[in-house]
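User: Hi, I'm new to this. Can you walk me through this structure?

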Amino acid sequence: MDEGNLMKTIMLAVGRISRIFRNNVGTGWQGIAGPMKKYPDGTSYIVIKNPRPLRAGLCVGSSDLIGWTEKEITPEMVGQTVAVFTALEVKTPTGRASKEQINFIRVVREAGGLAGIARDGEEGVRIVK
């Protein structure tokens, strides 16, 4: 299973108990788009005037899936629910997390959040429970 389908599978499994969203991390370009043109091989391109970078996602190393998991806590807060930050890094069975991804997971856990590497839906559910 490719990572895109694996991500959908994990989102469906975890989505029953957590509120989870796709977190795309990267840099793209924005500006004034010129007309669409075609190379001789038929692929399309545009020229962007006044280009500037557009950075997306939380930060370098932040997990593929982020959100929150509701938890009821402490006797004096009975009946109240808190949102616990949740982060899942999606990897295929042979995929390896980067140093930045491992660090992000560690920091989330140290702060009391739920985080880990999920290679299937069951593993994702185990992380958030």
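**Strands, helices and single residues**

Analyst: Start with strand β8: 4 of its 5 residues are buried, so the rest of the structure largely encloses β8. Buried means under 20% relative accessible area, exposed means over 50%, and partly exposed lies in between (1.4 Å probe, protein chains only). Helices (H or I, at least four residues) and strands (E, at least two) are DSSP runs, numbered from the N terminus.

User: What kind of model is this?

Analyst: This is a predicted model: local features need pLDDT of at least 70, side-chain atom pairs count only at pLDDT 80 or more, and totals for chains, interfaces and linings use all residues. Residues are numbered from 1 along each chain as its sequence is written, and side-chain values use heavy atoms, leaving out hydrogens and water.

User: OK, back to the strands. In what order do the 4 strands of the open sheet come?

Analyst: The order is β1-β6-β7-β8, with mixed pairing. Two strands pair if DSSP finds at least two bridges between them.

User: Which are the edge strands?

Analyst: β1 (19–22) and β8 (114–118). Each of these pairs on one side only. From one strand to the next, the twist averages 20°.

User: How many bridges are there between β6 and β7?

Analyst: There are 8. Strand β6 (residues 65–72) and strand β7 (residues 81–90) run antiparallel. For instance, G67 has T86 in β7 as its bridge partner.

User: And β7 with β8, parallel or antiparallel?

Analyst: Parallel, joined by 5 bridges. V90 is opposite A118 in β8.

User: Which strands does helix α2 touch?

Analyst: α2 (residues 99–110) packs on the sheet and touches β7 and β8. The direction of α2 makes about 150° with that of β8. α3 packs on the sheet as well, touching β6, β7 and β8, and its direction makes about 165° with that of β8. Contact means heavy atoms within 4.5 Å. Axes are lines fitted to C-alpha atoms, for helices over the stretch in contact, and angles run from 0 to 180 degrees between N-to-C directions.

User: Now helices against each other. At what angle do α1 and α3 cross?

Analyst: Roughly 45°. The axes of α1 (residues 3–14) and α3 (residues 121–128) come within 8 Å. That angle makes α1 oblique to α3. Under 35 degrees counts as roughly parallel, over 145 as roughly antiparallel, 65 to 115 as roughly perpendicular, and the rest as oblique.

User: Which residues make that contact?

Analyst: From α1, I10, A13 and V14; from α3, G121, G124, V125 and V128. They divide into 5 nonpolar, 2 polar and no charged. Ala, Val, Leu, Ile, Met, Phe, Trp, Tyr, Cys and Pro count as nonpolar, Asp, Glu, Lys and Arg as charged, and the others, Gly among them, as polar.

User: New topic. Is I66 buried or exposed?

Analyst: I66 counts as buried, because its relative accessibility is 15%. I66 is found in strand β6. Leaving out residues up to four places away in sequence, I66 touches R19, I20, F21, N23, L58, F85, T86 and A87.

User: What about N50, buried or exposed?

Analyst: N50 counts as exposed, at 53% relative accessibility. N50 is found in strand β5 (residues 48–56). N50 has a positive phi of about 55°, although it is not a glycine.

User: Why point that out?

Analyst: Because most residues other than glycine have a negative phi.

User: Last one: where is G95?

Analyst: In the loop between β7 and α2. G95 counts as buried, at 17% relative accessibility.
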